[in-house]
Amino acid sequence: MEYTEAWLKYRCLSLSRQQCEEKLYNSLISYAVTSEEGLKESPCFAMLISEFEQGVESLLGSRPCRVYDGSETLRFAVDPTFGTQDAYLIDFTQKDGFGAVTAHDAKGLLYGVFRLLQLVATGQTLAGLKQTCIPSNPLRMLNHWDNMDGSIERGYSGRSFFFADDQVLVNERTRAYARLVASVGINAVVINNVNVRSAATYLITDRYFDKVRALSEIFDEYGISLYLSLNFAAPIELGGLEVSDPLDPGVINWWKEKMAEVYAAVPKLGGFLVKADSEGRPGPFTYGRDHADGANMLARAVQPYGGRIIWRCFVYNCRQDWRDTKTDRARSGYDNFMPLDGRFLDNVILQIKNGPMDFQVREPVHPLFGGLMHTNQMLEVQIAQEYTGQQKHVCYLLPMFKQILDFKTYMPGHEDATVADIISTRALKNANGGIAAVANTGNDENWTGHDLAAANLYGFGRLAFDTTVDPESVAREWAQLTFAGSTQEAIDAIVDILMRSWPAYEKYTSPLGIGWMVNPNHHYGPNVEGYEFDRWGTYHRANWRGIGVDRTTKGTGYTMQYREPNASMYENVETCPEELLLFFHFIPYDYVLKTGKTLIQHIYDTHFEGAQEAEGFLDTWKKLEGQIEDKEAYERVLERLTIQADSAVEWRDRINTYFYRRCGVSDQKGRKIYE
Ligand code: GCV
């Protein structure tokens with residue numbers, strides 16, 4: 001087999017008849033579809049029926065039979081008055097013992113079927129179960145950074161399964177991928193890297209239309225809209241124009257005609273993702289225009305076809321001088337986009353990274369959330385573990401994402417609104433919104449390189465669909481589905497490792513929110529000064545007295561980009577959350593933290609603890625030998641946990657030695673710190 005079914009194994013539960021009856025699984029055996037009119041036209045319909053029949057057959061050993069005479073024990077129905085788009089209700093509380101999956105639309109029914117199968121596969125009883133699922137976010141998106149030569153920017157799971165040798169791949173794996181991500185509620189996928197270069201610029205030309213259309217049609221069967229990343233300079237590179245100025249009539253017309261051509265060939269295209277004026281990519285700044293000019297020009301061109309423009313706010317000066325302590329990369333997203341609030345058209349959505357820097361293990365929430373009040377917004381997170389161990393280290397990110405979503409922004413008039421409330425469109429009643437993750441997949445057999453990294457893919461989908469889910473429950477659900485047939489001890493251990501993994505990673509890498517300290521370019525492994533004298537605006541400013549960036553009003557003034565009381569909370573060293581202390585403040589090594597420890601002792605302690613935890617993950621795993629049903633998966637994880645334990649020691653020693661050399665303070669516990 002070239003790839004696993006990940007969490008969609010549907011391993012036979014081998015239940016007795018009595019067990020089936022107790023859990024009401026016998027009600028899955030005969031079903032009817034009411035209100036089929038309208039459903040039949042939906043591309044999802046045939047697929048959700050076969051998914052249901054095959055899933056139940058594989059889990060329970062007998063194939064459900066569709067009946068038309070009223071003798072069914074399960075009903076599928078579509079009721080457009082129920083919930084909102086994609087919503088569904090699983091109801092096994094009816095007195096007659098019947099079950100029902102009722103959905104707002106065909107896609108909702110598809111999600112309902114996948115959820116029902118997940119519940120059965122994890123052994124939940126259906127008797128008395130009633131689950132209403134109304135998606136939190138309209139857009140639940142994956143951003144792939146796949147290049148057309150088959151490489152993946154920040155990819156840690158093999159090569160691309162969308163592209164090879166400048167060709168678009170459409171094959172069985174495409175379908176398997178769509179099924180996998182649809183099963184957790186993903187409804188939009190960008191297939192190509194936001195850095196659009198060479199052949200990828202031509203994705204919007206007839207060189208690729210046939211394949212792109214074929215891909216979009218497969219996606220459509222799974223309720224997924226295909227999106228493409230766009231090259232802002234396409235009018236020059238494809239059209240032979242001299243400029244790509246968004247206010248130039250020739251450019252405007254070029255895009256208008258281009259989009260007419262694209263949508264005629266690929267009518268199901270959801271829209272485009274754009275990285276402009278960022279890290280060397282072209283954009284409106286070249287022509288003295290702003291990002292509203294750029295985004296709206298494209299939005300007008302796709303508007304007749306219902307297309308959307310997702311415009312990234314990752315815009316900053318990447319040619320900084322480390323000597324300059326006033327220019328602050330953290331400020332740039334807000335400084336560039338806040339003045340444009342209210343100027344973007346309804347089919348533009350600003351995509352904002354979770355923090356102001358770049359997917360570090362700990363960052364404050366981006367101040368544009370709560371800042372912007374008249375603009376559609378999406379949150380961008382990264383499940384590709386660029387800065388969190390590159391899928392060699394286990395790092396379950398849902399607890400981090402949950403903290404971000406639950407962050408209160410104190411937007412005027414919406415004081416209780418969290419990030420989740422904003423991106424869902426609930427708080428501001430925006431026309432559009434959602435959440436996107438930079439994807440962590442590739443053509444490795446297990447999809448995500450590290451088997452345990454698939455928990456981030458599964459979990460992201462579940463969280464995007466329902467921002468109230470509990471990360472630990474999701475981890476357990478994923479482990480039960482993926483490691484079906486393994487012992488209970490193994491499942492418990494996997495959940496435990498996952499839940500401890502982000503804190504452990506944070507402990508042995510860069511301290512208290514300062515970030516970076518990685519090797520330049522590839523970003524794996526420790527290098528304390530790797531980015532200290534570079535042009536990327538990524539400094540920690542450690543000297544003999546202390547460490548941290550002063551982002552208060554005495555420093556770069558970044559704290560004031562937040563609404564009150566968040567601004568004052570970060571400004572004041574006493575109230576600043578300690579996990580972010582060095583992000584906001586320059587702190588002397590002898591500063592006493594709330595634990596009573598000095599900063600330097602905290603750094604030593606956390607680094608010893610973190611490395612010990614990584615070693616503990618490995619020890620735990622070794623004890624599970626023979627308890628994980630899939631032996632190859634066991635071996636793969638063993639190999640990665642070994643790498644992680646070694647790497648954590650390297651991190652520990654490099655960081656501890658660096659700070660010991662800086663300040664000369666010994667470890668109070670007398671542990672080995674290299675001189
Ligand atoms: C796709 C970081 C990454 C880049 C990435 C960029 C972005 O800088 O290192 O690889 O480019 O973010 O999000 O655009």
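Tutor: E53 is found in helix α2, residues 45-60. Helices (DSSP runs of H or I, at least four residues) and strands (runs of E, at least two) are numbered from the N terminus. This is a predicted model, in which local features need pLDDT of at least 70, side-chain atom pairs need 80 or more, and totals for chains, interfaces and linings use all residues. Residues are numbered from 1 along each chain as its sequence is written, and side-chain values use heavy atoms, without hydrogens or water.

Is E53 buried or exposed? E53 counts as buried because its relative accessibility is 14%. Buried means under 20% relative accessible area, exposed over 50%, and partly exposed in between (1.4 Å probe, protein chains only). Leaving out residues up to four places away in sequence, E53 touches Y31, R63 and P64. Contact here means heavy atoms within 4.5 Å.

Now compare L345. It sits in the loop between α9 (332-337) and β14 (348-353). L345 counts as partly exposed because its relative accessibility is 30%. With residues up to four places away again left out, L345 touches N296, A299, R300 and N376.

Next, a strand. β4 covers residues 88-91. Y88 and I90 point one way, L89 and D91 the other, and all are buried. β4 runs antiparallel to β5 (residues 99-103), joined by four bridges. Two strands pair if DSSP finds at least two bridges between them. Y88 stands opposite A103 in β5. β4 also pairs with β6 (residues 130-133), antiparallel, over four bridges. There, L89 stands opposite T132.

Last, the ligand. Around it are 15 residues, and E153, K275, R312, K353 and E386 come nearest. A residue counts as near if one of its heavy atoms lies within 4 Å. By class, this shell has four nonpolar, three polar and eight charged residues. Asp, Glu, Lys and Arg count as charged; Ala, Val, Leu, Ile, Met, Phe, Trp, Tyr, Cys and Pro as nonpolar; the others, Gly among them, as polar.

Polar side-chain atoms also lie by ligand oxygen atoms. For K275 the distance is 2.6 Å. For K353 it is 2.7 Å. For D358 it is 3.1 Å. Taken alone, the ligand exposes 340 Å², and the protein buries 97% of that. Accessible areas come from the Shrake-Rupley method with a 1.4 Å probe.

Conventions:
Polar contact = N/O pair within 3.5 Å; in protein donor to acceptor, adjacent residues only side chain to side chain.
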